[in-house]
Amino acid sequence: MTTNGVGMTDRGANAYWVSKAGVERLYLGLAATLKSDNIAVNCLAPSRVVVTEGWRAGGGGREIPPEMIEPPEAMADAAVLLAGQDASGITGTVQKSESMPG
C-alpha cells in the first residue's frame, strides 16, 4: 500500500512522503526480480483521501468534503483484484484504487 500523496512536498511530512516513494520503488524492483517466478508485485494507492487514525491525528482538523473521501470498498476491491494476479497479469505497477479494471 502507498498513498496518493507521494508527489506532495508541502505540509511538512517529507519523511512520510519519502518512505512511501521508497515503498513504491521497492515494489517495482521486486516485480522485476520475481517475474521469472510468475509472481506479481504491485503497489496500491487510494484514488482519494482515506480517513485513518493517522489522518485524524495529523490532519490539523481539516475537514474533507465527502466527495474527496475514498470509499472503503474501492481499496478492498482493488486489493482483491491485485492479489489474484500472477506475472502474466498486472505486475510492476503503482495502481490507483478507482482506476482498476472492474
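Which residues make up the largest nonpolar core? Let us work towards the answer step by step.

What you see is a predicted model, in which local features need pLDDT of at least 70 and side-chain atom pairs count only at pLDDT 80 or more, while totals for chains, interfaces and linings use all residues. Residues are numbered from 1 along each chain as its sequence is written, and side-chain values use heavy atoms, leaving out hydrogens and water.

Start with helix α1, residues 14-34. Helices here are DSSP runs of H or I with at least four residues, strands are runs of E with at least two, and both are numbered from the N terminus.

W17, K20, E24 and A31 of α1 are buried, where buried means under 20% relative accessible area, exposed means over 50%, and partly exposed is in between (1.4 Å probe, protein chains only). The face turned away from the buried side carries the exposed residues A15, V18, R25, A32 and T33. Strands β1 (43-45) and β2 (94-96) are among the elements that cover the buried residues of α1.

Between α1 and β1 runs a loop that holds N38. N38 has a positive phi of about 60° although it is not a glycine, and at 39% relative accessibility it counts as partly exposed.

Back to the opening question: the largest nonpolar core consists of six residues, L44, M75, A78, L82, I90 and M100. Such a core is a set of buried Ala, Val, Leu, Ile, Met, Phe, Trp, Tyr and Cys residues joined through side-chain atoms within 4.5 Å. Helix α3 (residues 72-83) gives the largest share of this core, three residues. In soluble globular proteins, nonpolar side chains tend to be buried together.

Finally, the whole structure has one salt bridge, meaning a side-chain nitrogen of Lys or Arg within 4 Å of a carboxyl oxygen of Asp or Glu. R48 pairs with E98, and their closest N and O atoms are 2.5 Å apart. This pair links distant parts of the chain, 50 residues apart: R48 is in the loop between β1 and α2 (53-58), and E98 is in the segment after β2.

Methods:
Expected span 1.5 Å × (residues − 1). Contact = heavy atoms within 4.5 Å.
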